[in-house]
Amino acid sequence: MRMRPLGRTGIQVSPYCLGTMMFAPFGNPDPDDCARIIHRALDAGINFIDTADVYGGDGETERIVGKALKGRRDDVVLATKFNGVMGTDPNRRGNSRRWIVTACENSMRRLGVDHIDLYQVHHPEPGTDIEETLAALTDLMRAGKVRAIGHSSMPAAEIVEAQWASERRGLARFRTEQPTYSILNRGIERDILPVCERYGMGVLTWSPLASGLLTGRFRPGGEQPSAGRMHWVPKHMTDPGNHAAVEQLVPIAGQAGLSLTHLALAFVISHPAVTSAIIGPRTMTHLDDLLAGAGATLDDDTLDRIDEVVAPGVDPGTLDIAYTPPALQRADLRRRRAGDRAAT
């Protein structure tokens, strides 16, 4: 695969990043098969692997990845994430210094490594000062335990705030963002991607196949979504706008000589701000199909036709698991107290 710069870190990565969320009891429960999938991806030229402490429950996916990488660690740009709930103790989660230092040590132990190439904040946490988080991550970098830092699902305003905080306080800068991006989820084209370009950040995007909708498997009369998909993203999987878009995209893919899956992946990595698309195969068959489209490119005519189906910067449907800022979740943050609402 033709390598791309990961922002301005100097690190070179493949345009496909191997996501590992499916390597666990909730996806592929066979650790040996997961290891074979990882080795196949590395042999095919993928050098970028993304995981997280919460994947698989209690860090199981990190253990699977670590075991698979024995003897090949130096060939891999290894990324993991922290923030999610890792126990009943309320301090075993979040973006505080107290938890970040512990979480990093735990991840390195499970992965069997002495450093993490890219350590990422899995989700924003408005209750924690961004300088608290950045200071802890800076110390981990100075200690040689982390090479670069990034975040995931960060709103544009918070990306800018974090960059300013780094400049003001002389702290390490976030070098990457990990947002959701696909033909069915183009909202980040409005502000997230331009902001990342402005600050020279790498972008690794998750769910380029829109939770499987862009494989074409879940069209009317076809295969039904799994119980897992319907648990996590029921609105997304059943949204009429998403399904209508898929029906219009199928003939576009056919005219381009591509499967819908390959069209969707080629679309994501064609954006100049995107470094890598995270692919998340559960089986070797899934991986082989994804790799078969690695050489696909889209011409301007095809991209124009996609724009006609889903306009740039638009999400035609709902993605249930996308980050929702507190102000959209809590009514009390959008409304003055009853006694203060009157103009006079």
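Reply: Before we start, one term: two residues are in contact when heavy atoms of theirs lie within 4.5 Å. Also keep in mind that this is a predicted model.

Let's take Phe23, which sits in the loop between S3 and H1. Is Phe23 buried or exposed? Its relative accessibility is 0%, and buried means under 20%, so Phe23 counts as buried. What does Phe23 touch, then, if we skip its neighbours within four places in sequence? Its contacts are Leu18, Asn28, Cys34, Ile37, Ile38, Thr61, Ile64 and Pro281. As for Gly66, it is 43 residues from Phe23 in sequence, and the two C-alpha atoms are 12 Å apart in space.

Now step out from that loop. S3, the strand on one side of it, is part of a barrel that 8 strands close in the order S3-S4-S5-S6-S7-S8-S9-S10, with parallel pairing. On average, neighbouring strands of this sheet are turned by 30° against each other, ignoring direction. As a general point, strands in a sheet pair through backbone hydrogen bonds, either parallel or antiparallel. One to look up is Leu118, whose bridge partner in S7 is Ala148.

The buried residues of H11 are Leu287, Leu290 and Leu291. Looking down the helix axis, you'd find these buried residues within an arc of 95°, so they line one face of H11. Thr285 and Ala292, on the other side of H11, are exposed. Strand S3 (16-19), helix H1 (31-43), H10 and strand S10 (276-279) are among the elements that cover the buried residues of H11.

Next come the rings: the structure holds 2 aromatic pairs. One of them joins Phe82 and Tyr119, with 4.9 Å from centre to centre and 40° between the planes, a tilted arrangement. Phe82 belongs to strand S5 (residues 77-82) and Tyr119 to strand S6, so this pair links distant parts of the chain, 37 residues apart. Phe82 has 0% relative accessibility and so counts as buried. Tyr119 is also at 0%, which means that it counts as buried. In the pair made by Tyr181 and Phe267, the ring centres are 5.7 Å apart and the planes are at 40°, so that pair is tilted. Because Tyr181 lies in the loop between S8 and H6 while Phe267 is in helix H10 (residues 260-269), the pair ties together parts 86 residues apart in sequence. Both Tyr181 and Phe267 are buried.

Let's finish at helix H5 (residues 156-169). Its 14 residues reach 20 Å from the first C-alpha to the last, close to the 20 Å expected at 1.5 Å a residue. Which residues of H5 are buried? They are Ala156, Ile159, Val160, Ala162, Gln163, Ala165 and Ser166. Their cover includes helix H4 (130-142), strand S7 (146-152), strand S8 (174-178) and helix H6 (192-198). After H5 comes Gly170, which has a positive phi, near 65°.

Conventions: Residues numbered from 1 in each chain as written. Predicted model: local features only at pLDDT ≥ 70, side-chain atom pairs only at ≥ 80, totals over all residues. Heavy atoms only, no water. Helix = DSSP H or I, 4+ residues; strand = E, 2+ residues; numbered from the N terminus. Expected span 1.5 Å × (residues − 1). Buried < 20%, exposed > 50% of the residue type's maximum accessible area, 1.4 Å probe, protein only. Pairing = 2+ DSSP bridges. Axes fitted to C-alpha atoms, helices over the stretch in contact; angles between N-to-C directions. Phe/Tyr/Trp six-rings, centres within 6.5 Å; stacked < 30°, edge-to-face > 60°. Arc of directions from axis to C-beta.
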